[in-house]
Amino acid sequence: MSIKFLPPLRLLNPSPPVTRFPLMNVGLSINTRRSIPIFSGVFPFKLKYPGFSSRFSTRSFRPGPTGSRPEFTRRTGAERERGEVRTSKSLVEDEAELSDWVSDLRTNSFRGRVTSEDESDSDMGRRNRSKRGPGRDRDSGSNRGGGREGFSMKRRRESDSDEFGEPTRRRTESTFGPPRKNRGTLGLQNEKRGQGERDLWLKRDGKGVKGERGFIDDDDEVDVGEDERKGLMRNLGGLVTEEESDDDDDDDDGDNGNGIFEKNALSSTGLKKEFDMKDRPSLSSSSDSFMSETRFDQCSISPLSLKGIKDAGYEKMTVVQAATLPVIVKGKDVLAKAKTGTGKTVAFLLPSIEVVVKSPPLDRDQKRPPIIALVICPTRELATQAATEANTLLKYHPSIGVQVVIGGVRIASEQRNLQANPCQILVATPGRLKDHIENTAGFATRLMGVKVLVLDEADRLLDMGFRKDIEKIISAIPKQRQTLMFSATVPEEVRQICHVALKRDHEFINTVEEGTEDTHSKVRQMHVIAPLDKQFPLLYVILKDHIANDPDYKAIVFCTTARVTGLVAGLLGELNLNIREIHSRKAQTYRTRVSNEFRKSRGLILVTSDVSARGVDYPDVTLVMQVGLPASREQYIHRLGRTGRKGKEGEGILLLAPWEEFFLSTVKDLPLTKAPMPSIDPDTKKKVERALSQLDMNSKQAAYQAWLGYYNSQKKVANDKYRLVELANEFSRSMGLDTPPAIPKLVLGKMGLRNIPGLRTK
Ligand SMILES: Nc1ncnc2c1ncn2[C@@H]1O[C@H](COP(=O)(O)OP(=O)(O)OP(=O)(O)O)[C@@H](O)[C@H]1O
């Protein structure tokens, strides 16, 4: 079904326009054929197309009169309730330190670290193969083994060679029998999903992806077979090694394995600014419409880029692309907000490529050719994905190179590649980028060529976990540049601190219609509230129900921490579900491999931490389950956004304990409804208990410690330390451990939990 809509040009605020858009036609492209397999009887799915009055807005910052209270510092009641705006130290207060750091870099950018001892092959770390249940996929297990959980902050690694089992995929039909028609475990109606929906969208796999230049260094490939090698090349993962991934601070599951968590607090700088609010002409004809009627060739894009776009299968722009491209090509800084899965990557890559196209061509003899476009992403998967997309768009620009630098990859190998294969576009995770600035010869000089800086998932990059690195990176690139910041969530706090990267007169382009949710209305959201001792059986029951109702299922289960993810993956594997796991405790090669497999597969469950929460574009995900408290409202939205991409339908279920119910108030503006409580029959209960008893003790210990650390970082739970410990011990019992595992004193000290009754120390 396709409804075309040509919006009238409507200026709601007649004050002087900031940017003029070419007339853009925005249409509605809806596909309603996919079914929603579970809970549909209880909460009949209602498509919501509330008229054609949507609009996106752009706002431009103007310095306000001294002392005036900036409009954007006002918080809504809900935000106040969430207490999201916290004051912390100014972003610029370390300016002196930063400038020292930068001048030091410029005079001495190479400090001789090419390959540290840590990066040698000799230290393969512990190889721990966990026991696996009969018929279990070899590569689906978690690292359930001993010896890894001491309180060592040292870099750790493991060989992924033993994790690379046969990539066989067991179809669930064989395990669970044929899918039930119409009635699921929860006694609900089921529709059959229409076939061929995928074909309506673009198939880009293996098509139009440029050969990666110089990403593979044979010396760096360890235990990787030919297929794997090809797969890695296709996905720019050729540099990945067996190094475990907790060496860089790029990882987004907040779990350093010790239970010490970094809070995702955003700060307010209190700088005086004033918005010149400006409503834009209507573009979108529905809150769920993400395609515009504007073709790429209607915008000033180079012919070779247009060819690449065409080969990628893109003809019309998505709404966010149509809204941002004309502004960006004019050279403006932009902060853009658009819902998940609506094409933000192309929206920032394409104009960045155009800047490179307009720059002088690379001089072959130039030793340190400048990097012109720098794209920063919070996770490795996302960086790799963005680089792959860039290569797709660059198909007809043979002289423009892209490289990725990410944690979990041997830095020496990246250094060699950076030298051997000059690139004008660099995609990076913050920790590794900073590492290169400090340790790679000539790198800081190359960065002085940056004309465009992109912060993908900008709100995440500006929060406490990454902010220091981002500040340092920004101080190492020219002030005279264009900056683009994109995210599906732009909380007030980010708007307040975005000046750290953006010029004051930047445009804020919000393609989410005012008064509508930040989530897609075609994604049904439900919550289930159940005590911890019921959660593992419930998770199993819900997943089984989903599988039974949709043989083409593709589900993601988000867990609070990497270690808890490992435990849940182990449990679901023992229960013979077809699972894979991704989290920061897995080697990068393994992560890349699993990510690629999941992208292409059906009939698979990905159990993951927040490393998969943002940006990762897995097509056709049917269900997103979130187990336990999401780190924030934003994180809830991004995780949910792994389903319902490109206008498709999807389903999200949030499983919380009663004491986590407070989280619902932070998302009360979202259409999250209460699901009927699924029943757990005695056999299922026993089956889950048996599976839990099969799990390795070390993985339970690790999960317990990580669980405690995670909730200790959640203000509302950690307020009462005594209660926190009681809850942790409840979690321990839910894993089948009546006596909670002992935790090193040092760790408890760091957590501020020494001498709390109920904890055991070692
Ligand atoms: N103009 C277009 N026409 C058709 N498909 C497109 C277009 N632009 C992007 N896509 C596709 O849309 C999908 C989602 O894009 P992308 O991953 O960039 O979304 P996103 O908005 O960045 O999502 P998230 O907020 O989760 O990061 C991708 O598969 C991409 O290939």
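Which strand pairs with β14 in the parallel sense over five bridges? Strand β13 (residues 452-456) does.

This is a predicted model: local features need pLDDT of at least 70, side-chain atom pairs count only at pLDDT 80 or more, and totals for chains, interfaces and linings use all residues. Residues are numbered from 1 along each chain as its sequence is written, and side-chain values use heavy atoms, with hydrogens and water left out.

**View 1. Strand β14 and its partners.** Helices (H or I, at least four residues) and strands (E, at least two) are DSSP runs, numbered from the N terminus. Strands pair if DSSP finds at least two bridges between them. Strand β9 (residues 334-337) runs parallel to β14, joined by four bridges. Lysine 337 stands opposite serine 487 of β14.

View 2. Six of the six residues of β14 (residues 482-487) are buried, so the strand is largely enclosed by the rest of the structure. Buried means under 20% relative accessible area, exposed over 50%, partly exposed in between (1.4 Å probe, protein chains only). In a regular strand the side chains alternate between the two faces of the sheet. Here Gln482, Leu484 and Phe486 point one way, and Thr483, Met485 and Ser487 the other.

**View 3. The ligand shell.** The ligand is surrounded by 23 residues (a heavy atom within 4 Å). The closest are Tyr314, Lys344, Thr345, Asp617 and Arg645. A polar side-chain atom of tyrosine 314 lies 2.6 Å from a ligand oxygen atom. For arginine 642, a polar side-chain atom lies 2.8 Å from an oxygen atom of the ligand. The protein covers 97% of the 640 Å² of accessible area that the ligand has on its own (Shrake-Rupley method, 1.4 Å probe). Strand β8 gives the largest share of the shell, three residues.

View 4. Aspartate 333 forms a salt bridge with lysine 503, the closest N and O atoms being 3.4 Å apart. A salt bridge is a side-chain nitrogen of Lys or Arg within 4 Å of a carboxyl oxygen of Asp or Glu. The two residues are 170 residues apart. Aspartate 333 is buried, at 2% relative accessible area. Lysine 503 is partly exposed, at 32%.

**View 5. A buried salt bridge.** Arginine 614 and glutamate 457 form a salt bridge, with 2.9 Å between the closest N and O atoms. Both residues are buried.

Technical notes:
A polar contact is a pair of N or O atoms within 3.5 Å; within protein, one must be able to donate a hydrogen and the other to accept it, and residues adjacent in sequence count only if both atoms are side-chain atoms.
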